[in-house]
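Have the structure open as you read.

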Amino acid sequence: MADDSLLALSNTLIAGRYAVDTSQTVAEAGGGLPAYLARDRMAADARRVALAVSRDASPRARHLKVLDEPIDNLMVPLGHGLAPIAGGKGEGYFVICPPPPGPAVSRALTVWPERALLELVLRPIAGVLDVLHSRKLTHRAIRPNNVFQSAPGQPVTLGAAWAAPPAMHQPCVFESPYSAMCYPACRGDGSMADDIYALGVLLLTLATGRLPMAGLDDPTVIRWKLDLGSFAALTRDLPVSGSLADLLRTMLAEDPDHRPLPAALIDLAPTRGRRLAARPGRRSQHPLMLSDTAVFDARTLAWALFCDEKKAIQFLRNGMVTQWLRRALGDATLATQIEDLVRGRMAETKPGSWSDPTLVMNTISALNPRMPLCWRGTALWPDALPSILAEGIASRSELMAAAEELLLADVLNSWSAEADRPGRPEPPDTLLQRQLMQGGGPGALLRLFYGLNPMLPCRMPMMASAWIASVQDLMRFFEDTADSAGDSLIDLHIAAFIAARADRKIEMQVGGLASAKDAESFRRAELALLRDMQTRYHPAAMPGLAKWVAARLQPDLDRWHNKPRREALLARLDALTHAGTVGRLLELAEDPVARAADVIGAQRATTEMAMIDAELAAIDRNDSRRFAAAEGFGQAIAGGIGLSAFILMAMSVLLR
Amino acid sequence: MKGGSKFGRLMSAMVVLLLALAGGALIALSPDIALPLTILLLPGLLALIMDRTPGCAVARAIVLFQGAACVHPVIDAWYRCAGIDGCMGYLAEWPTVLRVWLAAAAAWITVQVLPVALKVLDDYRIRHRRSVLMARRAALAEEWGLEDDPLR
């Protein structure tokens with residue numbers, strides 16, 4: 001008994017040592033994410049923080065894998081996994097981190113002296129970013145409510161950024177305009193330059209004691225940053241000292257290549273006084289009015305085209321854009337480039353529904369290569385595809401539709417080819433995903449979602465309280481719920497989940513399931529799939545599932561002709577059900593040799609029965625004929641007796 | 001079957017012909033024996049006229065039975081009596097007539113009873129065969145479930 005409770009307890013621990021208490025929240029520790037108290041059972045119940053992972057937003061799997069040892073001034077992940085939620089509300093997924101050393105710096109924003117800013121904020125965080133950079137990782141969650149300080153005079157600690165997609169909870173101000181204009185889920189891992197940018201805004205916030213551009217809505221923030229440049233827009237009404245201004249100017253540079261690497265920020269001496277000589281872009285004296293936006297340069301033109309796609313197509317077709325580029329902006333090269341794009345679009349003999357959005361996307365990329373992929377009014381970075389799908393499935397159907405179009409129309413590849421975007425992660429291998437979309441049937445997008453978000457659970461409503469993220473979990477779920485299951489366990493949604501999370505062989509079987517033409521072939525394919533899934537992922541006994549399978553095998557057993565054999569099979573099936581191995585049940589029901597013998601035996605029996613029926617009918621039919629035959633035979637015998645007697649008498653006389 | 005009845009009719013005609021020839025020869029050779037012999041064979045001769053069975057099977061049996069019963073009295077009369085009166089007195093006396101006619105009656109009874117007995121025996125055989133077949137049929141139906149859906 002004690003062993004059982006110990007086992008049950010160890011099953012609820014994450015990584016075998018962290019116990020999560022979801023009844024106790026830890027305020028601020030998650031930097032915007034729900035955080036709960038956790039205890040380390042192997043360190044005298046030391047306090048830890050468990051960050052809750054949302055079912056709709058994938059945690060950063062690569063970071064959780066790579067960050068396996070402590071890093072100074074960073075809340076590194078210590079473990080991650082499933083834990084029960086208090087009150088019997090099912091289970092959740094948590095990322096365990098060390099507790100923050102103190103409150104977040106956002107709790108009481110004050111003006112930090114420049115020296116403290118450099119020593120206690122810039123250097124520690126630059127050190128953290130340098131380590132991350134060396135491991136080809138980004139943080140993407142540098143903001144005041146995710147930076148903690150134990151006490152005044154102590155270096156700050158950077159919070160966790162592992163339990164949600166990159167930059168998902170970043171305020172617009174802390175992101176470069178090209179990231180800020182994307183939906184939170186569409187920002188992608190980005191590059192170290194994005195972290196340097198966010199760090200620059202953090203330094204500005206702490207240097208002035210208030211959030212820059214406070215009170216402005218997100219489109220205005222982005223427009224100002226594009227129009228004025230980030231540094232000018234952010235420091236518009238904030239006083240910044242000269243040396244700090246130089247530092248911030250480089251950290252907030254428009255070109256990510258001009259922003260310093262973290263190593264350069266640890267020791268500022270070599271870079272102090274360094275000034276960038278970025279060439280200012282062309283600017284027109286005469287604005288192009290596109291909707292309500294007055295466009296003065298190519299950068300804001302790209303933004304304006306993105307904001308109003310209808311007007312964008314109209315202005316591109318009637319040549320207003322190229323005319324303005326050539327005459328007002330004086331950029332004939334760019335104008336020719338756009339003209340070529342428009343001409344190519346107009347030359348299409350059979351324009352599809354993707355033609356106009358593709359033209360707008362390519363035009364925006366040509367006008368400003370730093371812009372993200374802009375498709376039908378949605379801006380996104382392709383490396384964010386997993387979280388885009390997750391967000392799309394959870395709540396934003398327009399994101400889902402955009403992702404589907406992007407994959408089907410092969411937009412991602414053509415956009416990637418448009419311009420080199422240094423620093424960004426490689427776009428995902430879209431060829432495979434496109435093949436999957438085009439050949440994967442109705443569940444292809446779901447399959448892609450599950451494949452790209454390996455830690456997110458199955459989204460079936462009946463699994464809402466459980467975190468089913470692997471085929472092993474799914475098999476356990478089947479075992480628990482098979483009693484109340486209907487005629488089928490695997491529907492389109494679960495099939496997509498299995499195809500994405502299982503191995504290649506199982507994936508092919510799921511394909512066969514989808515192509516089943518009738519209910520009978522679907523039933524057979526489903527049972528075979530369950531058998532192989534149990535063999536591969538859950539070799540232990542599954543009596544609940546076996547009982548369900550046995551009920552589904554009833555039609556197979558009913559087809560047996562030989563009754564004693566059928567009854568013996570039923571008894572054997574019942575015994576095997578308790579053993580809980582689906583494969584053995586199927587073997588029993590699908591023995592081809594015995595089945596063939598049964599069919600042959602049935603045919604023989606049918607033939608023999610027909611012969612018996614024919615003979616019985618002949619007996620009934622030939623009764624009168626038999627009497628006539630008996631009469632003739634009797635008369636012949638009587639004649640024979642008479643003849644014999646006559647011959648005997650004659651012989652007795654002759655031989656006397 | 002058709003040939004068989006044809007053969008029967010032929011045989012019947014042959015019997016009648018042979019009897020007629022024998023009767024003619026007897027009348028020519030020994031008319032004093034022919035008359036009492038006619039009386040002895042009277043049931044058989046009447047049966048030959050009245051019998052409607054194929055091949056005159058009943059009459060044939062009666063004549064053969066009577067013939068067998070007449071052999072000894074006719075041979076005795078051949079050697080021991082002379083003249084119609086003598087032969088009538090010798091052959092047509094009641095014990096002889098009764099014995100020959102009883103032979104005719106026995107023949108008739110045999111012809112009537114023997115088919116019925118054979119039919120009873122055959123019925124018994126058929127009933128046994130039928131019960132064997134029914135038992136086998138029931139066993140097949142039970143084992144293979146053929147009553148419900150013979151060709152599933």
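A crossing is left-handed if the near helix is turned anticlockwise from the far one by less than a right angle, and right-handed if clockwise. With that in mind, look at where α29(A) passes α4(B): the crossing is left-handed. What you are viewing is a predicted model, in which local features need pLDDT of at least 70, side-chain atom pairs count only at pLDDT 80 or more, and totals for chains, interfaces and linings use all residues. Residues are numbered from 1 along each chain as its sequence is written, while chains are lettered from A and ligands numbered from 1 in the order in which they are written.

Helices (H or I, at least four residues) and strands (E, at least two) are DSSP runs, numbered from the N terminus. The axes of helix α29 (residues 623-654) of chain A and helix α4 (residues 57-80) of chain B come within 8 Å and cross at roughly 15°. The axes are lines fitted to C-alpha atoms, for helices over the stretch in contact, with angles from 0 to 180 degrees between N-to-C directions.

Which residues make this contact? From α29(A) they include Gly639(A), Gly642(A), Phe646(A) and Met649(A), and from α4(B) they include Ala61(B), Leu64(B), Ala68(B) and His72(B). Two residues are in contact if their C-beta atoms, placed from the backbone, lie within 7 Å. By class, this helix pair brings together 15 nonpolar, 5 polar and 1 charged residues. Here Ala, Val, Leu, Ile, Met, Phe, Trp, Tyr, Cys and Pro count as nonpolar, Asp, Glu, Lys and Arg as charged, and the others, Gly among them, as polar.

Now step back to the whole interface, which takes 32 residues from chain A and 34 residues from chain B. On the chain A side, α26 (563-579), α28 (592-621) and α29 each give two or more residues, and α29(A) supplies the largest share, 18 residues. That side divides into 19 nonpolar, 7 polar and 6 charged residues.

How far can you trust the picture? The predictor's confidence in each residue, pLDDT, runs from 0 to 100. Chain A averages 88, with 93% of the residues at 70 or more; chain B has a mean of 85, with 91% of its residues reaching 70 or more. The model scores ipTM 0.83 and pTM 0.75.
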